[in-house]
Structures are given as structure tokens and as C-alpha cells.
Amino acid sequence: MAERRIGLIPNATTNARGADDECAILATDRRLIVTFEKPQIRFKQGLRNYFGKEADAPPIPPATVNYATVDLDQLGKMPQNVVIPYFVVEKFALHMTLGVASIDVKYRNEAGKSLTFTAILVPSEPLIKKNKMEGIRRRDTIKEYGQKCQELFKRALPSSLSQNTEWMS
Amino acid sequence: MKHFRLFYLGGWAMEIPAMVILVLFTFHPVTTHTSISIAPGFDAYGSLEVDLNGGGPISGTFESVSGNDILFMLLDEDQFADYSANISHSSRFSAISSSGSFSIEQVDMERCYLVAEHATTFSNTEEVQVTYELSETNIDYLFLSMTLIIVGGILVMYAFYKRNKEKVEARISTSKYLDVVFFDEEPKRP
């Protein structure tokens, strides 16, 4: 049976690569695929990109990726992305702290090492600005975004995992 | 090159010279060369009042032109008042020599007095060459560096603001997804 896409969280912040990074989380019925906004850039490369012509053309444009049709296996195999199949997840927790939702996913990687993926589920600044123009306050946008993320995980996670998860009220 | 980068570079082009001016020239030490003359006579002395610009270390050298030994002292205001009144007094620094150096790190004096008097020969006029160094704030350089720091800072902040604005606008126009997307609107599987 083909892997089914459940939903996409287009903006989250995680320190999975050592520093705060923007990422998108694609949830399917089998796994979470965390795709990063930017490839990991070293300081020297970053300086060259910033002052050179390369900066005008980002190497990977995730904003233009069509997550509805993109090949999931290809997306999962990209070296900068993180893939977490549900069967390796030991604990999934979704918290709401100061109005901002965050997730902690405790799982074991292929080598059997226990890892925790943490991400803060904050909407992107463009969404906040867009909503602001429509009269929706920043705080409400962030809260609503967190609630939608919860709904997405409720739909995506298998029942065994979902039942053991503490959801936001 | 995008124009916000010009503001960014322009801002730093002001910040860096401002820092250099501030560090190297604004608080640089000022060296003064002067002389103290001691009139002939047993009780004669020569003195020089030095304004310490609100307190600060003072250091320097002295040398008698004739090569005769002299008594050289550095006194604070109270000590100099006692010295002038011929009352027993102490000193911050004193030496009997034809030449020497002095250095006072204490910063509790508003002004001090460099005093020289005869030590061995009292019949001649004695000329003492004194060089001292004070750390002084150059107001012109301070004003220039502060102005450059403020203007450069505004340019750098404006560059960041423009960069962020461009990024947000570009993302609004290019991004397919701003909000959470549900690809499958079917109810949750059992």
C-alpha cells in the first residue's frame, strides 16, 4: 500500500543540527519527514554566499517544493533531512508553553541510539503578517497554528502512539 | 549586490574607524614637557600645579640641568598646603637625585603639585626639566567616534530591517505553504 501524506507543518524551529534552524515537517501515515529550509552552511561558505552572487539563488528552495506531489523517498533520502518512522518512536509529546506549541519526539535511530527531536511549532513571519493585515492578532495566529499542528499529529500518528500522547487541552 | 548590503557595509565602514578612533585616539595619554626653576637660597623651591582632569594616573621624569642633586616631590593639595606653610608633611613621591622617574597610580587627586628644591647646592638658580604623562579624553575625537558609531549603527539596523522585509515579501510571493496543510481530509484512520 502506498504511503499516504497526511499533512504539512510548513514552519517549525529545531536545533536538531546544532543551531536553531527553520524546518518543515511532512507527516505521512508511516513517518515524519523533517525538511530543512537551508542546507547546513559552514561559516566561510556563508560569508561567500552573503556577499557574493550565490546568495540571490538559494541552493535548495523548499518554499517552492510541492509537498503534495514530491517523491517521498527522494525527499527522505536528501542528506539534510531527518526521517523519523513511527515504529522507532518511543515517546511523542506535544506541549504548549507560553502559548507556543512544541514537540518532543523520543526515538531510536538505525544504530539503536536514543535520540530526541525537539521542534517549536511557530508560524512563519509571513503568515503572521498576512493574518495581521486581516485583523488576526499575532498571539491568536500562533495559538491557532499550534492547534492545527495538534490536529495534524492526531490524524497522522498511529493509534498506539496517539493514545500515549498527552495532547494540549 | 542588493542595496541593503550597501547599507550594511556602509554601516560597518563607519563602525570600525569609530572604534579605532575611540580606542587609539580618544583616551590617549598626553605628554607635557616643562621646566621648574628653583631660585637661589636655602628655603627656595619651585613648583608646578598639574590638573589631573578629574583624577588619573600620572607618571614622568625629572632632570636637573646642572646635574646637581635636587629634592623632587609629588604632593597632593593638602600636602602642598602644609609644605607651603612650612609644616611637617608627607608626600606621594620624593627623591633626592639629579634625575629620576615617578609614577603615581592613585586616582584620588583632582590636582597635584610637582615640587623641586635644592638638595646640595643652594647658591645658584636651578633649572629642572620635567616631563609628565596624563591620560586625557579628547572631546573632539570622542564626539566624532560617538557620531560615527550612532550613524553606522542606524545604517546596520536599517540594512537588517530591509533584508528581513525583502525576505518576508519574497517568501509570501513564492511560498506554496504558509499555514498547516491537511492533504487528506478523510477522518482519522481507526
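This briefing covers the chains, sheets, cores and confidence of the structure above.

The model is predicted: local features need pLDDT of at least 70, side-chain atom pairs count only at pLDDT 80 or more, and totals for chains, interfaces and linings use all residues. Residues are numbered from 1 along each chain as its sequence is written, while chains are lettered from A and ligands numbered from 1 in the order in which they are written.

**Two chains**

- Chain A holds five helices and seven strands. Helices (H or I, at least four residues) and strands (E, at least two) are DSSP runs, numbered from the N terminus.
- The pattern of chain A along the sequence is β-β-β-α-α-β-β-β-β-α-α-α.
- Chain B has three helices and nine strands. From the N terminus, its elements run α-β-β-β-β-α-β-β-β-β-α-β.
- In chain A, 30% of the 169 residues are buried. A residue is buried if 20 or more other C-beta atoms lie within 10 Å of its own, exposed if 12 or fewer, and partly exposed in between; C-beta atoms are placed from the backbone.
- In chain B, buried residues are 22% of 190.
- Take contacts between residues at least 6 apart in sequence: in chain A, 52% of them join residues at least 24 apart. Two residues are in contact if their C-beta atoms, placed from the backbone, lie within 7 Å.
- In chain B, residues 24 or more positions apart account for 83% of the contacts with a separation of 6 or more.

**Nonpolar cores**

- The largest nonpolar core has 33 residues. Such a core is a set of buried Ala, Val, Leu, Ile, Met, Phe, Trp, Tyr and Cys residues joined through C-beta atoms within 7 Å.
- I9(A), I25(A), A27(A), L121(A), C149(A) and L152(A) touch the most other members of this core.
- Elements of chain A that give two or more residues to this core include strand 1 (5–14), strand 2 (21–28) and helix 4 (138–156). Helix 4 of chain A gives the largest share, six residues.
- A second, separate core has 20 residues, among them F80(B), Y83(B), V115(B) and V128(B).
- Beyond four places in sequence, L152(A) is in contact with I6(A), G7(A), I9(A), A27(A), V180(B) and F182(B).

**Strand pairing in chain B**

- Strand 1 (residues 29–38) and strand 8 (residues 126–135) of chain B run antiparallel, joined by 10 bridges. Two strands pair if DSSP finds at least two bridges between them.
- T32(B) has Y132(B) in strand 8 of chain B as its bridge partner.
- Strand 8 of chain B also pairs with strand 3 (residues 58–64) of chain B, antiparallel, over seven bridges. Here T61(B) is partnered by T131(B).
- An open sheet of four strands in chain B has the order 2-7-4-5, with antiparallel pairing.
- Strand 2 (45–51) and strand 5 (93–97) of chain B are at the edges, each with a single partner strand, so one side of each has no neighbour in the sheet.
- Within this sheet, strand 4 (residues 70–75) and strand 7 (residues 111–118) of chain B pair over six bridges. F72(B) stands opposite A116(B) in strand 7 of chain B.

**Helix 3 of chain A**

- Helix 3 (residues 125–133) of chain A has P126(A), L127(A), I128(A) and N131(A) as its buried residues.
- G135(A) follows helix 3 of chain A, and its phi is positive, near 90°.

**Confidence**

- Chain A has a mean pLDDT of 82, and 81% of its residues reach 70 or more. pLDDT is the predictor's confidence in each residue, from 0 to 100.
- Over residues 55–60 of chain A, pLDDT stays under 50.
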